[in-house]
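Subject: Structure handover

Hello,

Here is the structure I said I would pass on. My notes on what was found in it follow below.

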Amino acid sequence: MISGWKTKYAEILKEFRYDEKKDKESATILDTILKKSKTGEKIKDLIQGNTVFVIGSGPSLSSAIPKLKKLKKGIKIAADSSLKPLLENGIIPDIVVTDLDGDEESLNKIAKKSIFVVHAHGDNIEKLEFAKKFKNCIGTTQTKPFKKIQNFGGFTDGDRGVFLASHFEAKKIILFGMDFGNRIGKFSNTKKSERKTKLMKLKKGRSLLEWLATKTKSELFTTSTGIKGFEKIPYKSLNIIIT
């Protein structure tokens, strides 16, 4: 677990009024569902020392997709809300970070192809059985890791993807569709009633990435909205950064 995460998690519990016991219960259930596997080693082999693209479903995803289709190098980690538009454009991510609230049809399509990092929290207990469909899968929690459940840090699917890449020592991490602003991307499927909470989550995700930037050894870049600690780069510079 990344140093200092316990304090960050305490802040999340307080700010969003989450129940730590529920988070632990969810993690315990996911642990019983998952089989022992070498998926963690596969993730390490993919990420360590390589360039990693982390893809979110922010407003800039629409403009990012044509660029992503042309990029043959780089390991792609996708937040599950970005999965549907990615698949529709023939982009299959190497890793999907999900708390299982995304498009089920899209998750099913690549259940045997991609690696899944399934997050357990107090609000998705009833969805955890879905993880049985994934051929390669590991589980994560925001609480203390145990047995088959790990904690790499992060809060939303998008920023958890960045924490994952950092944990496994990516050389470079480049963000796409990760805007963390006051606009919610059309691909996020956020209901009007959930808009306020979604914006709060985006703000927290951004602050966690700014914190990670002070700790990670990975080089950090973003093609999306500027984030402190990440170098903002235009799409035309991608080939220079990647090589």
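Leaving out neighbours within four places in sequence, Leu 164 is in contact (heavy atoms within 4.5 Å) with Ile 47, Ile 77, Ile 95, Val 97, Val 117 and Phe 152. Apart from the core described next lies another core, of 20 residues, including Ala 111, Phe 130, Ala 131 and Phe 134. The largest nonpolar core has 36 residues, and those with the most contacts inside it are Ile 47, Ile 77, Val 162, Leu 164, Leu 175 and Leu 209. A nonpolar core is a set of buried Ala, Val, Leu, Ile, Met, Phe, Trp, Tyr and Cys residues joined through side-chain atoms within 4.5 Å. Buried means under 20% relative accessible area, exposed over 50%, partly exposed in between (1.4 Å probe, protein chains only).

This is a predicted model, in which local features need pLDDT of at least 70 and side-chain atom pairs count only at pLDDT 80 or more, while totals for chains, interfaces and linings use all residues. Residues are numbered from 1 along each chain as its sequence is written, and side-chain values use heavy atoms, with hydrogens and water left out.

Helix α7 (residues 157-167) is largely enclosed by the rest of the structure, because 10 of its 11 residues are buried. Among them are Val 162, Phe 163 and Leu 164. Helices (H or I, at least four residues) and strands (E, at least two) are DSSP runs, numbered from the N terminus.

Gly 177 lies in the loop between β7 (172-176) and α8 (195-213), and is buried at 2% relative accessible area.

Regards
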